[in-house]
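Please look over the sequence and the model shown here.

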There are 2 protein chains.
Amino acid sequence: MQIVSTMRKMSSISDELRKDGKTIVLVPTMGYFHEGHLSLMREGRRRGDVLVVSLFVNPTQFGEGEDYDIYPRDFSRDKGLIEGIGVDILFLPAVEEMYPGGYQTFVEVERATKLMEGQFRPIYFRGVTTVVAKLFNIVNPHMAVFGEKDFQQLVVIRRMVEDLNMGVEIIGMPIVRERDGLAMSSRNSYLTSDQRKAALSLNRSLQKASQLFRSGERNPGRIIEAVRRVIEPEREVTIEYVEVRDVKTLEEIEIIEEQAVIALAAKVGKVRLIDNLTFREE
Amino acid sequence: MQIVSTMRKMSSISDELRKDGKTIVLVPTMGYFHEGHLSLMREGRRRGDVLVVSLFVNPTQFGEGEDYDIYPRDFSRDKGLIEGIGVDILFLPAVEEMYPGGYQTFVEVERATKLMEGQFRPIYFRGVTTVVAKLFNIVNPHMAVFGEKDFQQLVVIRRMVEDLNMGVEIIGMPIVRERDGLAMSSRNSYLTSDQRKAALSLNRSLQKASQLFRSGERNPGRIIEAVRRVIEPEREVTIEYVEVRDVKTLEEIEIIEEQAVIALAAKVGKVRLIDNLTFREE
């Protein structure tokens, strides 16, 4: 595994790889790896000749009062965790090189970023699309792998890639859960053990939604209501939103006919968690 | 000269050219060519192995009430004018392919787009940076050539390319003028002969600025005042702005020490014209 820490070096390696006809796959991450990240990397490894993992805690996607400063960082732990996965290049750009003085350009997806997460994190997606656009330009991958845990992010990135003709194939990978059902997240490390127990209500509520769907319920309002009833008894948990949306456009739907996703966000103590589930006809 | 009208075809040609080690130069245009465009193409021809000229009247850079619908278009005239220049590919994407239903992604340079043109054309630069980002992704050029006539546009595009790590070399080319000094523009075709005479005051005013600079004047306010005094007697001409700015950042300057540009916009009748001049130490 080669560690690359400048954009120039990364670009020139990619140019050479492209000239040699190699397929480059990028897995963009903010580090503090868990099994979710590893599943993206394994898929990347399987899909391409060269697997590049970027590790960059991107300041432009954190709002005022969010956890940029305390976001968990542990490079030697991360390095150990990905041994054996077959990462070819670990790309670690510096903040000062990514956002030098005078920086002022942003990529924005408009409608799909205003709802759900966008209502609670107004600059989040602008930061995500901007850094992903930059990483795509620097690494120049053929494919990039993202997790479905950040479902809206995946939709927004697909939209950006299509709209701006980026020519990168976007691969979405299923949520990886802890044994007890909690969706894996670097932010789970913030939870106390009591909060951790309370947080299980999120996945439990989605299981309830799935069960309703399987038993024929197609009314989003009734499913959302049932989900809320599972979470609301938990004193430590405050729901931010529970929404049922079209999987491709994230538009609201009156009745579940096409593929739909139920997505939610909640605060467990001060820790903000998200989770979602895609309804699939069997 | 090959005419390419789909994005997919253009991308696949570029991929092949890159694999063969060819240097691709793009000259993005909105057509209705004049000598200014031809000078960009000749420079592009000189610099690269393959010269791609795009011709696309980009709707997202025209504001409400601007001239998108009547912008001059004459393809057979344009085709005739560039014969003999050595254009390899003329890329003519369709509006419906560039901006399909559901389109919602924009690239924005923030500070440098708020001043000068940005105060009179609030969505202009957003449209320009977005379409240029798209064209760069589709054509994947090594270099792109733009005219200094749209001086602020050139600064904004350089900023975007640097900020988003686009890896495209941006080449700026000097303004080409008519014999009588009027900066060439596709919009000059809108002028009546009286307006055309009145419009000469723009270049005359810049010549006055240049003369003051050469005689040692370094105070932007005094130069701007002198420029306004040349234009203001023309009844048909209404100044929108006259500004002296740093050539790289477009920031205001108190005294001309580093390279500076004087840029102006004015309406001649209903026709909006821009012009500029860079002060150079001799």
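Residues are numbered from 1 along each chain as its sequence is written, and chains are lettered from A and ligands numbered from 1 in the order in which they are written. This is a predicted model, in which local features need pLDDT of at least 70 and side-chain atom pairs count only at pLDDT 80 or more, while totals for chains, interfaces and linings use all residues. The pLDDT is the predictor's confidence in each residue, from 0 to 100. Chain A averages 97, and 100% of its residues score at least 70. For the complex, the predictor gives an ipTM of 0.95 and a pTM of 0.96.

Helices (H or I, at least four residues) and strands (E, at least two) are DSSP runs, numbered from the N terminus.

How are the two chains related? A rotation of 180° with 0.0 Å of shift along its axis superposes chain A on chain B, with an RMSD of 0.0 Å; this is the relation of a two-fold axis. The superposition is by least squares on the C-alpha atoms of residues with pLDDT of at least 70 in both copies. In chain A, the C-alpha of Val107(A) is the one nearest the axis, 2.2 Å from it. Both copies use the same surface, as 100% of the contact residues of chain A recur in chain B.

In this pairing, 23 residues of chain A are in contact with 23 residues of chain B. Helix H1 (7–19), strand E5 (105–109), helix H6 (124–139) and H7 of chain A each supply at least two residues of the chain A side. The largest share of that side, five residues, comes from E5(A).

Finally, Val139(A) touches Met10(A), Ser14(A), Ile24(A), Leu26(A), Val52(A), Ser54(A) and Phe91(A), not counting residues up to four places away in sequence.

Definitions and conventions: Contact = placed C-beta atoms within 7 Å.
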